[in-house]
Amino acid sequence: MSRPCVLIADDQPDVVESLRLLLKGDGYDIVTASSPAEVIAAVEKRDLDVVLMDLNYTRDTTSGQEGVELLDRLRELDRNLPVVVMTAWGSVELAVEAMRRGARDFVEKPWDNERLLATLRNHTELVRALRKGEQLEAENRVLREGDGGELVLIAEAPAMKPVLELIERVGPSDANVLLTGENGTGKSLIARVLHSVSPRASRPLVTVNSGAIPDSVFESELFGHVRGAFTDAKADRMGRFEMAAGGTLFLDEIANLPLGQQAKLLRVVESGEFERVGGTRTRRADVRILSATNTDPDEEVAAGRFRKDLLFRLKTVEIRVPPLRQRRADLEPLARHFLERHCRRHRQRIEGFEPAALEALGAHSWPGNVRELDHAVERAVLMARGSRIEAADLGLLDTAPASGQFADMNLEEAERWLIRKALSRHQGNVTLAAVDLGLSRSALYRRLEKHRIE
């Protein structure tokens, strides 16, 4: 992460230089200004983490009125930019007025170095955590956006009806929800839907890959740490629970969490209380917890790999997300959605799918579920030579019908599927496809004509 940037604003050069040396030693990048106009110019030009500004400039020297008016302008430019004000003519009335106008804190000159540094660290950390939360929420939103910006989950298949019913019933609550299902089924998408329909939707959605956090940094990642807690702790740091304050914390791959880390997580899930590493102040976590796993959680408990008490806390409600092979009615809508998205991303103009491509999609077993479909369509967008996706563009060379699917085909449908598979495997070479199928070249041509396969 880049160094935090602070704007120092004061019309006295010796004050600016003293603050510059102090803050530079604490790891800040420094921008300076000596007038309200320079402050405005700097805020409009630079990405700042905090402003430390005097309230008195050259127009008058005691009232702080210039600084108070400047606060109004800063609030118009960036309501989230923290401003710490300082003046040698401090008074309760002036402090109250500055805070009312949007200042986050108030420091009197001469300042106490440690208090000033702690104040700036806290506000820098807070604004960066809020920005990170917004970034994570934007990056993790994999929902379909309708024309009016409405978030829509593609779920037309009957197998998705129980999922939609549970989202409707528990989404607006604060209940902890455990999402189960195979890899790639869209559990993280369901978590985002649950967040979007909750009263917490305007607050951050923070995602944690539970199994990817090393033991040595687990507590720091989730609960934060204070400066000096360990060798590399050069500043106080918020953990994921604080980043998600007022919002939702999504613990993905929760079953991969080692038992030792499960015990640390259990306390905050039960009580909502935790301490930063190296700190003594007990903090409260106002978050809703969603979690997900691709394993059977009851089997993990029976095998001694997952704590039963933690599972009870995480699984107020369980939502099972079905695999794509059980959602055949969603195949085409999902494929068209991914096609539209990847065409925008790669700046391609493709109108749709050829019938043979749709047939290939329907014949594939999709062991990788929705994620595999997404990747296959993206590949097809990049490989397509015409204005429509061909079956070969999808790259499903090892396509096989789902278990029992041949039983639902008549003889012509099965024959057509086998011919298309052989042609796809050999990039349209009829001679090689005929050898694969145990047919003569002329016999295969007759079947191609019969089934109207080009």
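Predicted model: local features only at pLDDT ≥ 70, side-chain atom pairs only at ≥ 80, totals over all residues.
**Briefing: a helix pair and a parallel sheet**

Residues are numbered from 1 along each chain as its sequence is written, and side-chain values use heavy atoms, leaving out hydrogens and water.

**The helix pair**

- α13 covers residues 328-346 and α14 covers residues 355-363. Helices are DSSP runs of H or I with at least four residues; strands are runs of E with at least two.
- Their axes, lines fitted to C-alpha atoms over the stretch in contact, come within 10 Å and cross at roughly 130°. Angles run from 0 to 180 degrees between N-to-C directions.
- Arg328, Leu331, Glu332, Ala335 and Arg336 in α13 meet Leu358, Leu361, Gly362 and Ala363 in α14. Contact means heavy atoms within 4.5 Å.

**The sheet**

- Five strands form an open sheet, ordered β9-β10-β13-β8-β14, with parallel pairing. Two strands pair if DSSP finds at least two bridges between them.
- β9 (205-209) and β14 (317-320) are the edge strands, each pairing on one side only.
- Four bridges join β10 (residues 248-252) to β13 (residues 288-293). Leu249 stands opposite Ile289 in β13.
- Helix α7 (residues 187-196) packs on the sheet and touches β8 (177-180), β9, β10, β13 and β14. The direction of α7 makes about 155° with that of β8.
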